[in-house]
Each structure stands twice: as C-alpha cells, then as structure tokens.
Amino acid sequence: MTDGYSITWNIRQLMAAKGLFHTTDMVPLLAERGIKLSREQVYRLVTSTPARLNLEVLAAFCDILGCTPNDLISFTARNAEKPSDQTASGETPGPRRIGDLRPLPATIRRPGQ
C-alpha cells in the first residue's frame, strides 16, 4: 500500500553539472526561449520543489540543461504503515462478529444515594 509519492526536484544538481551555480544565470537563458520570469520567480523554482509547473517552463529547463523531465523530477513511492492489530494490552484480537458484541449493564442511581 502506498501513502503517496515523494517528489525530488533535481534542478540544482543539473545546473551545477552545466556550470550554472547562480539562479540569476537562468533568467537570460529562459528569456531566450520566450519564458519571462523575474529572478525571484526563478529563485523559487530552483530552490524549492514546485507544486505546479508550466509545461513551457519545464520544456525550457530541459532544453537549457540538456535533460529530460525524468532527469529533473524523481518519484519515489512512500509505503504506508499498516495500523497495528494489537490492543492496548498487547493482545491480538480475533475476528469480531456480531455475536461478540454485548451490551453494558446500566447502573441506576436514585437521588440522594
């Protein structure tokens, strides 16, 4: 059972491999490809994993860095931990059936007792 995916944004490593060590180096390269982003926007895209990414921007990054989207983004499935079947006392309960359910006895108290 998976509990979603862990996403790794690898743009910093790919930039370093191309000799691009500053996020501002990307601004003119993106502008050459028709992508007009401020240096602050490029900084946010490079330094943190984006929640959404325009396909034109993704294509420009791939063109600049000479890579594919698979090189930029890595997905790893996270495994969900199965809930424990043990009770608080450490016992493992058997299968519960409707016949196992019993009502709790009521306690009737009279006023003044």
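Is Arg39 buried or exposed?

Mentor: Keep in mind that this is a predicted model. Arg39 is exposed, because its relative accessible area is 53% and the cut-off for exposed is over 50%. Arg39 pairs with Glu40 in a salt bridge. Their closest N and O atoms are 3.6 Å apart. Glu40 counts as partly exposed, at 40% relative accessibility.

Take Glu32 and Arg33 to begin with. Their side chains meet in a salt bridge at 3.7 Å, N to O. Glu32 is exposed, with a relative accessible area of 61%. Arg33 is partly exposed, at 32% relative accessibility.

Arg33 also forms a salt bridge with Asp63. Here the closest N and O atoms are 2.6 Å apart. Arg33 lies in the loop between α2 and α3 (39–47), while Asp63 sits in helix α4 (residues 55–65), so this pair ties together parts that are 30 residues apart in sequence. Asp63 counts as partly exposed, at 49% relative accessibility. The count of salt bridges comes to 3.

For contrast, turn to two loop residues. Thr23 is in the loop between α1 (11–17) and α2 (26–32). Thr23 counts as buried, because its relative accessibility is 10% and buried means under 20%. Among the residues Thr23 touches are Arg12, Met15 and Tyr43. Asn10 is in the loop between β1 (2–9) and α1. Asn10 is also buried, at 14% relative accessibility. Its contacts include Asp71 and Ser74.

Note on methods:
Residues numbered from 1 in each chain as written. Predicted model: local features only at pLDDT ≥ 70, side-chain atom pairs only at ≥ 80, totals over all residues. Heavy atoms only, no water. Helix = DSSP H or I, 4+ residues; strand = E, 2+ residues; numbered from the N terminus. Buried < 20%, exposed > 50% of the residue type's maximum accessible area, 1.4 Å probe, protein only. Contact = heavy atoms within 4.5 Å. Salt bridge = Lys/Arg side-chain N within 4 Å of Asp/Glu carboxyl O. Lists of a residue's contacts leave out its neighbours within four places in sequence.
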